[in-house]
Amino acid sequence: MEHVRPSTLDEALEGLAAPDAKALAGGQSLLPVMKLRIVRPSVLVDIGRLELGGVHMSENELRLGALTTWNELESAQELERPALAALAECASGIGDLQVRNRGTLGGSLAHADPASDMPAVVLALGAQIVLRAASGERTVSAEEFFLGPFTTALGPAELITEVVFPLVEGSGSAYVKVEHPASGFALAGAAAVVRPDGGQSVALTGMGGQAFLLASDANPVDALPDAEIYGDRFAPVEYRRHLAGVVARRALDRARERMEGTGE
Amino acid sequence: MPAARQLELVINGERRSAEVEPRTLLVHALRDGLGLTGTHVGCDTSQCGACTVLLDGRAVKSCTMLAVQAEGAEVTTIEGFARNDELHPIQRAFVEHHGLQCGFCTPGMILTASDLLTRAPDPDDATIRRALRGNFCRCTGYQSIVDSVRAAATALREGEAA
Amino acid sequence: MSESVIGVSRPRVDAPDKVTGATHFAADGHVHGLLHARLVLSTEAHALLQRVERDAALAMPGVVAVLTADDLPLASAGSDRTTEPLARTEVVFAGQPVALVVAESEAAAEDAVEAVVVEYEPLPAVVDVEDAMLPGRALARVLEEDAGGGDLESIHAGVDKGQEDGEEEQLSGNVLDTVHRNAGDATALLETSDVVVSGTFRTPWVYQAYIEPQVATAWLEPNETLVVSTSTQGSFVTQRELARAFGLPLERIRVIAEPLGGAFGGKLALMEPLAAGAALALRRPVRVVLTRAEDFQATNPASAQVTHLKIGARKDGTLTAIAARMIVDRGSNAGWGVEGITSLLVAGPYRWEAHEIRGYGVQTNRFTFGAYRGPGAPTAAFALETLMDELAVELELDPLELRLQNAVVEDDVGVSGNPFPRMGAVEVLERIRTHPLWQSRDSLPDNEGVGLAAGYWPGGNEPAAAVCRVNQDGTMTVVTSAVDMSGVNTGFAAIAAETFGLSPDQVRVVAADTATGPYSGASGGSKVTYTVGKAVLKAAEAAREKLLAAASDELEIAPADLEVVDGVVRAVGAPDHSITVAEISGKALRFGGRYEPIEGHGGSAQTRGAPSVAAHLAHARVDRETGEITLLAHVIAQDVGRALNPALVEGQMRGGAAQGIGWALYEELVHDENGQLLTGSFLDYAIPLAERVPDIDTLIVEVPAPDGPFGAKGIGEAPVIAAAPAIANAVAAAVGIRLRELPMTAPRVWATLEESGA
Ligand SMILES: Cc1cc2nc3c(=O)[nH]c(=O)nc-3n(C[C@H](O)[C@H](O)[C@H](O)COP(=O)(O)OP(=O)(O)OC[C@H]3O[C@@H](n4cnc5c(N)ncnc54)[C@H](O)[C@@H]3O)c2cc1C
Ligand code: FES
Ligand code: FES
C-alpha cells in the first residue's frame with residue numbers, strides 16, 4: 001500500500017484515478033475496516049489536509065466542508081439555531097471524544113454505514129451533496145446519494161467537497177437515537193424537521209440497508225408500516241419497528257419544541 | 001511489501017525519526033519504533049482508548065491513525081506529559097484520588113482528560129463521563145477516575161489563577 | 001505510638017509509574033532477537049483436523065515457522081489447554097488454537113496467518129447444554145483423552161463436591177461431573193411450606209474483558225533455563241503447568257509475572273504453553289500477543305448456566321427448603337467447572353432447614369471455561385436473590401427484613417455441611433436498611449425502582465511465604481511472589497510498616513519470580529491479602545525480633561521494654577534512649593558486623609475460611625417504550641474484615657459492582673447453532689462505559705476475620721456477586737416485570753413488558 005498526500009483537490013482527484021485507490025479523511029471508518037482487512041486499498045490518497053473544512057453560513061443556506069469534523073459540528077455556534085440543531089445534536093452523539101476529533105462529515109456520508117447517524121440528518125434537512133471528479137462538479141440530493149449498505153452515488157474517483165443545507169427560517173430540527181450498547185452506532189435513529197408551514201420530515205437510520213426518508217407529508221410516522229426494517233440477533237424486527245416509531249415520534253416532538261421555543 | 005521509509009515526527013517536544021511502512025499505525029510506530037510503550041493496545045476495533053495520545057493537544061486513538069498522518073504534527077504520549085520532571089496536575093490527581101488499579105487504561109484516560117480540560121475547564125460529572133466514553137476501564141468502575149478528573153480540573157483552574 | 005497506618009487511605013505504591021507510562025506490562029519489554037507469533041484459530045466448532053497446509057505461509061517474507069501441535073516438545077497426552085495448547089487431532093471449539101505462525105515482525109506473522117490453510121472433517125457441534133446432557137446425544141469430544149490433572153481449579157475457592165450418591169440419573173457422556181448436596185427432606189418440606197416460588201434462570205457466557213489482552217514471552221537462557229515473562233495471575237502455578245506440559249524439572253523453568261493489566265480470573269496458563277512451546281521448538285525468544293479478536297475467541301470466559309430453583313418459606317418468613325438443579329456449561333474444559341461452587345452459593349447467606357441441590361458440569365463445543373471474578377457466584381445469586389424478592393412479595397414482608405431474618409450467623413451450618421465462620425451478613429443488611437436510597441424506595445417517580453440483593457464468597461486459602469529485609473538506610477524491602485491484581489502490594493506495605501514500626505513510605509514491595517521469590521499461590525479467589533498478607537505480617541514480626549535483639553544489645557534495655565516508632569527504636573516511657581533502625585541495620589550489614597541482618601521470613605497456612613458478604617442496592621429507571629434501563633445510583637455494603645486501605649477497598653467494591661452491572665445489563669457471548677461466536681468484539685460485546693455506570697456509594701462494614709492480618713479478609717469477589725439481582729429487583733420494583741435471563745438488554749425488557757401487558 002502506498003500513501004500520498006496531495007496538496008490540491010485536483011491532485012487528489014488525479015491520485016484517486018489509480019486502481020483501488022481510496023481517499024483517507026479522518027480515517028475513523030477506513031482504518032478500522034483496513035485493520036479488519038475488509039478493505040485493502042493499493043493507494044491511500046490522504047485528503048486530510050486539503051482546504052475542505054469549515055462551517056459557512058449565508059442567508060439562506062449552510063455549507064459544510066466535507067472535512068468538517070464532528071467536534072467542529074458539535075461546537076459550532078451557527079448550529080445552535082433550532083433549524084440546524086439536529087446537526088450538532090447528531091454530531092455530539094457520534095462515537096467518542098477521540099473519534100469526534102478526527103471523524104468527518106464527508107467521510108461518514110461516503111462510508112454510508114447503514115447504522116451511522118448523520119445520513120438521517122442530511123436526509124431530513126434536505127441537504128444537497130456536492131461531488132467533484134476530474135471531469136467536473138455535480139450536486140446530488142441526499143435522497144439520490146444513499147443507494148444501499150456502504151453504497152452511494154459517488155464515482156470511484158470522485159470526492160464529496162461540500163454539503164449544502166437549505167435554511168428554512170423558523171423551523172425546528174432534532175436527532176434522537178437509541179444506540180447499540182456495544183458499538184454505539186444507531187440501533188434506531190431518527191432525524192426530524194418541523195416547519196412553520198406545518199410540513200414535517202423524518203428520516204430513519206439503523207433500521208435497514210440505508211437511511212431513508214419516511215414518505216409522507218402529513219404524519220411521517222404513518223408511513224412506518226410500509227418501511228423496510230431489518231431485525232438482527234440483538235434487536236429482532238418487531239422491536240426495531242416499534243423503536244422506529246418511538247424515535248421518530250420523540251424526534252418530531254423535540255423538533256416541534258425547538259421550533260416553538262418551548263424546549264430546552 | 002512497500003518500502004519502509006524514515007518518518008520525521010515531533011514527539012514529546014523532540015524531533016524523532018522512525019522507520020515505518022505506509023500502513024504502519026501510529027501506535028506501532030510509537031511502541032515498536034520509538035520504544036514509547038506507555039501507549040497501550042487494548043482492542044482492534046478502535047474502541048477502548050488505551051492507545052490514546054495527543055495530536056496537537058487533541059486526544060486521538062493512535063491505533064486508528066497511520067504514522068504518516070502524524071507527520072508535521074506534535075504528538076504527546078504519556079511519557080512526555082509530565083512537565084519538567086514534575087507530574088502534571090492530572091497525573092497527580094490520578095495518583096491521589098486512586099484513579100487507577102491495573103493502570104492499563106490510565107495513560108489513555110489521562111490524555112483524554114487533558115483534551116477535555118483544555119476545552120471545558122470546569123466540567124460536571126456527566127460531562128466527564130461522556131468525555132471518557134471512548135476509554136474503557138475494567139477495574140475501577142470509573143468513579144475514582146471521574147473524581148481524579150474533577151480534582152485535576154480544580155487544580156488546573158487554581159494553578160491558572162495563581 | 002505514631003498513628004496507625006492500618007485503615008488509612010494511601011495511594012497505590014505503583015501509581016506514580018502507572019501515570020507516567022513507566023510501568024512495563026508484559027507486551028512492553030524489549031527482548032533481543034524476539035520473534036512474534038500469531039495464532040491460527042479453528043474456524044470449526046467441532047471437527048477432526050485433516051491437514052495444515054503451511055507452505056504458502058512459510059514462503060512469505062519474514063516468516064520463520066508455522067508450528068502445529070506435533071512441532072511443540074509436549075510431554076504428555078492430555079487434552080487440556082496446558083498439555084494441548086494447539087489442537088492435536090480434534091478441535092472442540094471455534095477459536096481453538098490450531099497453529100502458530102512465527103515471524104520476524106508482528107505484521108509479517110499476521111499477514112502469513114491468512115495463508116495457512118487448515119482442512120477439517122466437521123463433526124456435529126454440541127451447543128445446547130441442556131440437550132447435550134440427555135442420554136445418547138452426540139458428544140462434544142469424541143476422541144478419548146486424558147482429562148488432564150492440572151492445578152487450576154484449586155486457585156479459586158476451596159469447595160468440596162458434596163455427597164456421592166447411588167441413585168444414578170441417566171446422562172450422556174457430555175456430563176463430566178455431578179454434584180449432589182442434600183440434607184433433610186426438601187421435597188416434602190417444600191410441599192408443606194406456606195409459600196413456594198420457583199423459576200428457571202439463564203445466564204450467558206461472560207468475558208473477563210481485562211483491557212490488556214493476553215500475552216506471554218518465552219526464551220531459553222544459555223544454561224537451558226526456560227524463562228517466561230508473562231501477564232499472569234500466578235507465577236508458581238504457571239511454572240507447574242509448564243513443567244507438566246513439557247516434562248521439564250521445575251528448576252529449569254523461571255516464570256516472571258509482569259505487572260498485570262487486569263485478569264479477573266482469566267489469565268492462568270493459557271499463553272505460556274504456546275510461547276514456551278514455540279521458544280523450545282525454535283530456540284529463539286517468542287512472544288505471543290493476542291489481538292482482541294483472538295482474545296475473545298481463544299481464551300476462557302465464565303460458563304453459561306441454567307438454574308432451576310425452588311424455595312419455600314413459612315408465613316412468618318422463616319425459610320424452609322431450597323431445591324436446585326444447576327447446569328453448568330464447561331465448554332471444552334474437562335478439568336474443572338463451577339458446578340461445585342455454584343451449587344454451594346445458590347443457598348446464599350441464609351439458613352435452610354432442608355436442601356436438595358444438584359449441579360452438573362457439561363461439555364459443549366464452546367470456548368474453554370475459565371474463572372471470572374467469583375466463578376459460579378453471580379449466576380447463583382441472580383436466581384436466588386430474584387426468588388427471595390418474589391418470596392417477600394408473596395409473604396407481604398419487607399425484602400430486607402426477610403433476608404435479615406434468615407441471614408446466617410457464626411456456626412450456622414451451611415449446605416456445605418460445615419458451620420459458617422464469622423461473617424457480616426446481618427451487619428451489611430443492617431447498614432443498607434438505614435441508607436437513604438433504601439428509605440426512599442416507596443416514594444420514587446413512575447418507572448423507577450430500588451432493588452436489593454445479597455451474596456457472599458467463601459474465600460480461598462493457600463500456604464504462602466514472604467520476606468522482609470531491612471536495608472542499610474533503614475528502609476524495608478518486602479519480597480513476595482504474589483501477583484498484584486487488586487492493589488495487594490499497597491496492603492503489604494501497610495501491614496509490614498505497621499507490624500515493624502516504619503512509615504509505609506519506607507517500605508518497598510517487590511514482586512519476585514519463581515527463581516528468586518518465596519512461595520505464593522496465584523492471585524484469585526480473594527485470598528492474597530488473607531494468606532500472603534498474613535505471611536508478610538509474620539515476616540515483619542520476625543524481622544522486628546532481630547531488630548529488637550540488636551537494639552537491646554546497643555541500648556542495654558530488654559527487648560520487651562522497647563518499641564519501634566517511625567523507624568526509631570526507643571525505650572518505652574523514655575523516648576530519649578533510642579537508636580534508629582538505620583543505625584542498627586548499618587551495624588549489621590557491614591564487614592565484621594555484629595548482628596544478623598535485620599531480615600525476617602514468614603509463612604502462613606490458613607485453614608479457616610474468611611468469607612466476605614456484600615449487599616447491593618440498585619436504583620433503576622426503565623424506559624417503557626425502548627426497554628432501556630438507566631442506573632441512577634448504586635450502593636454496596638460489604639464486610640471486608642478490616643479495611644487496610646479504605647480507598648483501595650472502595651476501588652475493589654466499585655470495580656466489582658461495575659462488573660456486576662455488566663452481567664446485569666450488557667454482557668453476553670453468543671454463538672450461533674453451529675458454535676460460531678457472534679459477539680467476538682467490543683462492537684458486539686458491550687461492557688460498562690463511564691457514561692453508563694452510576695456513582696457507586698460504598699459502605700465498608702468491618703467484621704474482623706480472626707486469622708486475617710489485622711482482621712482483613714479477601715474482598716475481591718464478593719462485590720460482583722449480587723449486583724445483577726439487585727438491578728433485576730429494581731426493574732421489578734419499577735415496572736413489575738421479572739426477567740429470568742441475563743443480560744437484561746433493551747429488546748428483552750421491551751419484549752417482557754409487552755408479554756406482561758404491564
Ligand atoms: C469507535 C468508533 C465509534 C464510532 N461511532 C459512530 C457512531 O456512533 N455513529 C456514526 O455515525 N459513526 C460512528 N463512527 C464512524 C465515524 O463517524 C467516522 O468518523 C466516519 O464515519 C468517517 O469519517 P472519516 O473522516 O473518519 O472517514 P474515513 O475513515 O477517512 O473514510 C471513510 C470512507 O469515506 C471515504 N471518504 C472520506 N472522505 C471522503 C470525501 N470527502 N469524499 C469521498 N469519499 C470520502 C473514504 O475513502 C472511505 O471509504 C465511529 C467510529 C469509531 C472508530
Ligand atoms: S487500542 Fe486503540 S482504541 Fe483500543
Ligand atoms: S485500571 Fe485497569 S483497566 Fe482501568
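Visitor: How many residues does chain C bring to the contact with chain B?
Guide: The model is a predicted one. In it, chain B gives 42 residues to this contact. The number from chain C is 54 residues.

Visitor: Which three residues supply more of the area that chain C buries against chain B than any other three?
Guide: Between them, chain C and chain B bury about 3,900 Å², of which 57% is on carbon and sulfur atoms. Of the part that chain C buries, 18% is supplied by three residues: Val19(C), Ile211(C) and Ala690(C).

Visitor: Which element gives the largest share of the side of chain C that touches chain B?
Guide: The interface holds 26 residue pairs in polar contact. On the side of chain C, two or more residues come from each of helix 1 (15–20), helix 3 (106–113), helix 8 (292–298) and helix 17 (646–665). The largest share, eight residues, belongs to helix 17 of chain C.

Visitor: How many residues on the side of chain C that touches chain B are nonpolar?
Guide: That side includes 12 charged and 13 polar residues. Its nonpolar residues number 29.

Visitor: How far apart are the C-alpha centres of domain 1 and domain 2 of chain A?
Guide: Chain A is divided into domain 1 (1–45) and domain 2 (172–260). The distance between their C-alpha centres is 33 Å.

Key:
Residues are numbered from 1 along each chain as its sequence is written. Chains are lettered from A and ligands numbered from 1 in the order in which they are written. This is a predicted model: local features need pLDDT of at least 70, side-chain atom pairs count only at pLDDT 80 or more; totals for chains, interfaces and linings use all residues. Side-chain values use heavy atoms; hydrogens and water are left out. Contact means heavy atoms within 4.5 Å. Buried area is the accessible area (1.4 Å probe) that two parts lose on being put together, summed over both. A polar contact is a pair of N or O atoms within 3.5 Å; within protein, one must be able to donate a hydrogen and the other to accept it, and residues adjacent in sequence count only if both atoms are side-chain atoms. Helices (H or I, at least four residues) and strands (E, at least two) are DSSP runs, numbered from the N terminus. Ala, Val, Leu, Ile, Met, Phe, Trp, Tyr, Cys and Pro count as nonpolar, Asp, Glu, Lys and Arg as charged, and the others, Gly among them, as polar. Domain bounds come from an automatic or database domain assignment.
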